[in-house]
Amino acid sequence: MQLRELVRQLGAAANDRLRGTFGLLLACIAVQLAFWLAINPLLFGSAKRPEAIAVHSVMLAAVPGPDPAGFETARFRPVELPVSDCCGPGYRLVRMQFTLATVPQDGLALVPTLGSDNFHIRVNRQWTRQEGRLELSSPTYHGNLKTIHYISPNVLRTGGNQLELIVMRAGVPYFDVGRPILAPYAQASRLLAHRNYILGDYQVMAYSFGLLSVALALLLLWRSEQKRFGLAVFVLLAAWSLRMHYYHWTDPPFSPGARMVYYFALTTTVPVAWVYFVDAWTARPWRWLGWAAGVVWAGLMLSHLSLLDGSVAAYDRAVTLTNGAGMVLGALGAFRFAWHFSRHRDERHWETALLLLCISVMSADFVRQLFFAKSSNFLVNGLPILILAFPVAFIARNIRLFRSMNEFNELLTGQLRERETELAENYARQAELARRETLVSERQRLMRDMHDGIGGQLMSLLFAARKQPIPQAELAEGLQQIIDELRLIIDSLDTGGETLGTTLATFRARIEPRLSAAGIELRWDNSLSESLYGLGPREVLQVFRIVQEAVTNVIKHSGSSTLAIGIAQPDGATPQISITIADAGSGRGARPGTGRGMDNMRARARSIGGSLLIESTPSGTRLVLLVPAQLEGTTP
């Protein structure tokens, strides 16, 4: 009996699994057939084209710019449409002829078939369209807007007519020109009305609705307990909607290279987000899959950064990698579905069918781009389907969208307490680290100051006292200098302190008697603008120490009879202070002797963002200190 019951249970389970698999298969087939055989042909299929006026004698030339003065001297070559030319950035002039038995009273409609960033139109050497900028450094991208262009009967004539398309590429390196649609305006506008709606207003409404859904997804992400799934929905909707918006953003604040990076970033994000979304949707996610998708996205983005150079190889590589990754990730998403349903019983058949449709639409677009170099717009037009699948998936997940006010407030209060505790702990850690770093920095600075200032002067007094008694006046002067050094160190610990001008003036008053006693003539030239500022007391002290060490070296080692000190502001875009110390001695004025004097001078210059240049020759030594500063009235 037990064996019979076991067999019965196994049979019932097998029947349930078979019915579930069959139901899922039927749902997937029904959704795929509905889209590919009904929705796509009816909504997005090719409309009946008007009877086009034939164009002939098509010529193509590279021109230096959109100026008609260079058109007549351009070197044309005959081409057959469609034609693809490379490599941008640059301009191409496409010239073709057409014949009119009579001039239509309502004019002509022109629908160019171009792959371009922007283009202008001339008919019989008269401009009929000059929308946007044809500037390589600052272009607009009106070429992405698909519309019917009107040609007035006033510029047409019976018999032969000339049509010129001035095409610009600033980002994509390829110029693609197909056979244009040229027909009487009334007929063309009637037959192409649906096409214009799909390529224009439909897409604007689609990405507008998509961006609205992004805001809704963000709200649901905030209130949902299933953060992983909510994040996947948010990123996917945002990338897809912004990619649609990309084609209608005619004047972005990007360089052409940066715009290409932006495009491929969005295109790359869509399939990566799909894999993450599918994995989260299963409710049994593979934790490594999200990280793997993130690594793939980061690797693709690093490769796409080479697009900033605008090279053809970088663009071709980006296209191949993006389309290849899109196909692989689409297959991975489908495999993730299959794995889920092979291991778990899941009744969300229609929801699964809609999501698989989105994957197939995305994969079809990448396949056509990679193997046929054609844009199918499946990825763009499929956004409303994704938006339809999104609420179905979200509601089916039994997420509690509405909570009582008390429960919601309790949740927020708890999260707020946790966040406050975490922030307090982080703040305490950062404060302790900052305190330790400040102590170490101050200790090192004080060691250098003690070495260069007080230590050096005390050693000088000690050596002098060992040789012979020091006169009282000289001893008092030396002690006074040590006290002044100590005051400078104390002042540097304060946020106030003296300005650079005051400090240099004090230094001149101190050093001039010493130089005179050593037989050295001081030549002082201070042309520093009073509008320069930005050096605090610590920076001023560092400058003082560098100058002091340099002058001390001159007195001790150079044997020069003159010392020139010049303070000025060098010419340049960045405000700087330049202090030049030059002697005419033996070329030993830059030598530090023993100890760490010269290393300290360089370290001090680096610590305030400056630089120190020392040139020593047999005819003298020249030291140049450059210190960054700021003009009065500017913001640091």
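These are my notebook entries on a predicted model.

**Ground rules.** Residues are numbered from 1 along each chain as its sequence is written, and side-chain values use heavy atoms, with hydrogens and water left out. Local features need pLDDT of at least 70, side-chain atom pairs count only at pLDDT 80 or more, and totals for chains, interfaces and linings use all residues.

**Cores.** I looked up nonpolar cores, meaning sets of buried Ala, Val, Leu, Ile, Met, Phe, Trp, Tyr and Cys residues joined through side-chain atoms within 4.5 Å. Buried is under 20% relative accessible area, exposed is over 50%, and partly exposed is in between (1.4 Å probe, protein chains only). The largest core has 36 residues. L236, V270, W274, F277 and F337 have the most contacts inside it. Among the elements giving it two or more residues are α1 (2–44), α5 (227–246) and α8 (312–343). Another core, of 33 residues, lies apart from it and includes V554 and L612.

**Helix α5.** I use DSSP runs: helices are H or I, at least four residues, and strands are E, at least two, numbered from the N terminus. In α5, 14 of the 20 residues are buried.

**Disulfide.** I searched the whole structure for cysteine sulfur atoms within 2.5 Å and found one disulfide. It joins C86 to C87, S to S 2.1 Å. C86 counts as partly exposed because its relative accessibility is 35%. C87, at 36%, is also partly exposed.

**A183.** I found A183 in strand β12 (residues 181–184). A183 is buried, at 0% relative accessible area. A54 is 129 residues away in sequence, yet its C-alpha is 9.2 Å from that of A183.
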